[in-house]
Each structure stands twice: as structure tokens, then as C-alpha cells.
Amino acid sequence: MTTPFSTLVGQEHIVDVLQSAATASRSGIESQEMTHAWVFTGPPGSGRSSAAIAFAQALICPNDGCGTCSDCNAAKTNGHPDVEVIRTEGLSIKVEEVRELLTRVAWAPSMGGWRVVVLEDADRLTDSAADALLKAIEEPGARTVWILCAPTLHDVLPTIRSRCRHLQLRTPSLEVVTSVLINRDNIEPGLADFAARVSQGHIGRARYLATNETVRRNREIIMQLPLQLDSLAIAFHAAQTLVDLATQEANSSSDERDIREIEILQEAYGKGATGRGMATGGSKAVKELEKEQKLRSTRMVRDSIDTTLLDITTFYRDVMLVQSGKTESVLNADMRQQIESYATSRSSYSIILKLNALMAARAKLANNAAPLVTCEALMCRLAMP
Ligand SMILES: [Zn+2]
């Protein structure tokens, strides 16, 4: 039987918990299994938001969580009146946004079941936004369920997390990801193995790589960068290449969506219907949407640069594995020869310094540092022997 949880890969340990919570919620009796506030943690790509939405479906579905009815489908596409999924387009969730959310969800659920609020990036709440949210979680409406998603428990304020039930998602194993790509997405086994390996359990990224040739070609260019770094001039050039490719990848998915969103909004304000301009407030709404889109695009570029830096990290990780004689665990199996010869020409100590520099650059970018300057400093550091 398919359930909303069928799509969660390698997460059997939490599916049981969520299923019995959903069953308990239907009995109408207060029980330990069902709580009003949850925190789902896991690395990017582990499927925290898919798990949250699957749980929302199980709670609001009139057929005990079928995963296929109109309510389940509406919940999945953010079109259900009782399921609110908050995705952050900016770098942080501000207190005004939380206040607005709280007034919106203060009403009883329209269908009489549960009202579910999923906060996809609880780690991006500002301190004042988290405070505003805390009050709602301390005194939740009788039929409201909060699901917060974050990379780790430390990313959620202690006052909030102490009031939530915590579920930790696992990074699915290489074998699990490979078999999903082969069996669900019809990817050829060799390519599935490659994509699963280099994506390190990030199933969405693995599928994206396996199904998109341009993305694979760009990744190849990026993975050659560490091998080319032998002068400062090349380091600066490499930084520019990295930022350009990451920006291009981020924009390729957002450009079309941006245009479509604007068109839908313009239509809503009557553009084209009477041959005249938009109704009052139309251009202001369009301007606001454009501002939001710009924020989202900045964030997507940053996320894309971060993914690229993680890719480069796998190169140095592989070099260290080769240096310690563990060649069988190399992720970038297609570059084995290059990795082996690089490993003989560098000390393990210098590789550790490079890995540290990569982690430091990622942390700086997460703290809003300018992308190109950060990448230039990083590449210069990586170019040192
Ligand atoms: Zn259903």
C-alpha cells in the first residue's frame, strides 16, 4: 500500500513514529504519541521537508493518510487551506513574517481536522522571530501542529527545541540512493552509481546530476580546478569560473519561474483582460514580487556556490583517503589517477589546511560575505603548496 511516507528513502526509523502519531491523532484521545510541536533535523537533501509534508498529509487526509486523494495532493503542492509551508526566500526569517504567519494560522482548521504549519528553514529565524514563534509553540491552538525543519538541533533556539519532539533523519546510504535512481528514475546503473557517490547521500542532487548533462559538465570543470591551481593568477581565474558556473546553475532554474510568477500576478490584476493596464495596486505588487525574487536569487546563488565548494571538498577528502591507503572509499572514482598522483605530491598536513580553508569559506558565505572575494581568498589558499 502506498502512503505519504512511501517517498521517504532510508528513513524507516522515523516513519514508524510518524505513522503512530498520525493514527493516535485520529483517535481523538490525548496521547503521548501525538504532540503539537516537532523538530525534524537532517543534512540538506535528507528529506526533512518531504518528511514534514508527508506527516501533514497523514494528519489532514480524510482516508487515514492515503497520499493520493485531493487533500493529500493539495497538501503536497501547498494548496491546502490547512497546511501552511513556509519556505524562506531570503537569508533570514524576520519577526514581521512570523507575526503575519501567526495571525494567518490563528483560525481553526477549515476542514475540521488539523492545521499544520511547516517551517522549512527554522535555522534562519532571527532571534526576535524565534521569540515570537516561541509563544505560539508554548500555547498552541488545540488543533494546530508545528513542524520545524533544521540541519541540526543546535540550529534551533534551546527554548524552542525543549518544547518540541525531535526526529533525526539519516543520510541515506550510497546503495539506497543508487537503487532509487535506478528503480524510480530509470537511470542507467553506471550513471546512478556515479551520481549517488558524488552527491554523498543528497538524493535530490543525485537525481539532478544524473538527469542533467550541463550540470555534469559544469561539475567536471569545477573538479579540475584544484589540479590547475599553481599560481595566483590561475587562482583568481578559478574563483571567477566557480562563481560564474554556480550563478549560471542557480539562474537557469529560477529565470523561467520568475517570469511565470510575474505573469500570473499581472493577470490577477487584470492585465490584458480589457486592453488597459492593471488594476490599482498592480504595479506595486509586481515591484514587491520582483524584490522577493531578487532575494531568492541571491540565496540560490549562495546555495549553489556552497554545493560547488562541497564538491571541491570531496576532491581533497579523496586525496586524504588515498594518502591513508583507503582507495576503495574514493568518491570521485572517475578521477582516481589524477587524485593518486596529486596525493603523492602533497603532504597530508597541507591537505588538512586546504580542507579547513574550504570549511572556513563556507562559514563566511553563510554569514553573508561577498561571494567572489571569499572564493578568491579561498582559491589563493588552495593554490599554496
Ligand atoms: Zn489522502
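User: Is Cys72 buried or exposed?
Analyst: Cys72 is buried, with a relative accessible area of 0%. Buried means under 20% relative accessible area, exposed over 50%, and partly exposed in between, with a 1.4 Å probe and protein chains only. This is a predicted model, in which local features need pLDDT of at least 70 and side-chain atom pairs count only at pLDDT 80 or more, while totals for chains, interfaces and linings use all residues. Residues are numbered from 1 along each chain as its sequence is written, and side-chain values use heavy atoms, with hydrogens and water left out.

User: And what about Cys61, buried or exposed?
Analyst: Cys61 is buried, at a relative accessible area of 6%.

User: How many disulfides are there?
Analyst: The count is 0 disulfides, taking a disulfide as a pair of cysteine sulfur atoms within 2.5 Å.

User: New topic, the sheet. What is the strand order?
Analyst: The order is β2-β3-β4-β1-β5, an open sheet of 5 strands with parallel pairing. Strands (E, at least two residues) and helices (H or I, at least four) are DSSP runs, numbered from the N terminus. Two strands pair if DSSP finds at least two bridges between them.

User: Which strands stand at the edges?
Analyst: β2 (83-86) and β5 (165-168) do; each has a single partner strand, so one side of each lacks a neighbour in the sheet.

User: How many bridges join β3 and β4?
Analyst: β3 (residues 115-119) and β4 (residues 144-150) pair in the parallel sense over 5 bridges. Val116 stands opposite Val145 in β4.

User: Which strands does helix α1 touch?
Analyst: Helix α1 (residues 12-27) packs on the sheet and touches β1 (37-41) and β5, where contact means heavy atoms within 4.5 Å. The direction of α1 makes about 145° with that of β5. Axes are lines fitted to C-alpha atoms, for helices over the stretch in contact, and angles run from 0 to 180 degrees between N-to-C directions.

User: Now α14. Which of its residues are buried?
Analyst: Among them are Ile351, Leu355, Leu358 and Leu365. Seen down the axis of α14, the buried residues fall within an arc of 155°, so they line one face of the helix. That arc is of the directions from the helix axis to the C-beta atoms.

User: What covers that face?
Analyst: The cover over the buried residues of α14 includes α12 (282-323), α13 (336-345) and α15 (371-383).

User: Which residues are exposed on the other side?
Analyst: Tyr349 and Ala366 are exposed there.
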